[in-house]
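Hi everyone, thanks for coming along. I'd like to walk you through some side-chain contacts today, so please have a look at the slide.

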Amino acid sequence: GNLVLLGTVTADEGSNVIISGLFSSTYDVYKVFASDVQGKGSNQPLQLQYGPNDYFFDSSYEFTSTFIASNSAAYAGISHNGTTHMQILQAMGDRVSTYLTDKSYSEITIFKPLSTDHETVVMWNGVSKMSTVKYMAGAGCRENTTVAITRLRFKSTDDFHGVFKIYGVVK
């Protein structure tokens, strides 16, 4: 279906981006496009948590992902159970190295965030370019979630900046 822009959040030197108040029964599927994301330090991850109105869940996330770097034949499969977050990018673009224009881009899809019947699932893919191209894709959920999800938090272990746009997908 068509995409309807619901909101834009610009991160500027913070370690959190919070998107809230945009989920409604109008849409079952949402997309977040994170662009021009750069961490303050080298190889910082981009993580996702979600929750209901007044807090974020900080346990019981399950996710699996793949990570590939262009300078290596290495391929990493990552699987986590019972973690405090879902890892969207292994390493964001870095604005303090010799590659100052390196940036990260991600597409995150959230299925049925308002479901109270264990149906909320998140799927993502993203790329970072820091002297090499790094690609990560994955999917995850939170165990036993029986409350509606109304907020998202993108976070890192260090400050970052970038633009996060959330869209509703027309049914």
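How many salt bridges does a search of the whole structure find? The search finds 4, where a salt bridge is a side-chain nitrogen of Lys or Arg within 4 Å of a carboxyl oxygen of Asp or Glu.

Two housekeeping notes before the details. This is a predicted model, where local features need pLDDT of at least 70 and side-chain atom pairs count only at pLDDT 80 or more, while totals for chains, interfaces and linings use all residues. Residues are numbered from 1 along each chain as its sequence is written, and side-chain values use heavy atoms, with hydrogens and water left out.

Let's start with Lys171 and Asp28, whose side chains form a salt bridge at 3.9 Å, N to O. Lys171 is in the segment after strand E11 (151–169), and Asp28 is in the loop between strand E1 (3–20) and strand E2 (29–39), so this pair ties together parts that are 143 residues apart in sequence. Strands here are DSSP runs of at least two residues, labelled E and numbered from the N terminus. Is Lys171 buried or exposed? Lys171 is exposed, at 65% relative accessibility, whereas Asp28 is partly exposed at 35%. For those labels, buried means under 20% relative accessible area, exposed over 50%, and partly exposed in between, with a 1.4 Å probe and protein chains only.

Next comes Lys103, which makes a salt bridge with Asp36, the closest N and O atoms being 3.9 Å apart. This pair also links distant parts of the chain: Lys103 sits in the loop between strand E7 (93–94) and strand E8 (104–111), and Asp36 in strand E2, 67 residues apart. Lys103 is partly exposed with a relative accessible area of 28%, and Asp36 is partly exposed as well, at 29%.

One more salt bridge for the list joins the side chains of Lys112 and Glu119, at 3.8 Å from N to O. Lys112 is partly exposed at 36%, and Glu119 is partly exposed at 35%.

Now back to the loop between E1 and E2, where we also find Ser25. Ser25 is exposed, with a relative accessible area of 61%. Which residues does Ser25 touch, not counting those up to four places away in sequence? The answer is Leu114 and Lys171, with contact meaning heavy atoms within 4.5 Å. Ser25 and Leu114 are 89 residues apart in sequence, yet their C-alpha atoms are 7.4 Å apart in space.

On to the rings. Rings of Phe, Tyr and Trp (its six-membered ring) pair if their centres lie within 6.5 Å; planes under 30 degrees apart count as stacked, over 60 as edge-to-face and the rest as tilted. By that rule the count is 9 aromatic pairs. One of them is Phe23 with Tyr30, edge-to-face at 4.6 Å centre to centre and 80° between the planes. Both Phe23 and Tyr30 are buried.

Tyr55 and Phe57 make another pair: their ring centres are 5.5 Å apart and their planes at 90°, so the pair is edge-to-face. Here Tyr55 is partly exposed at 40%, whereas Phe57 is buried at 9%.

Conventions
Helices (H or I, at least four residues) and strands (E, at least two) are DSSP runs, numbered from the N terminus.
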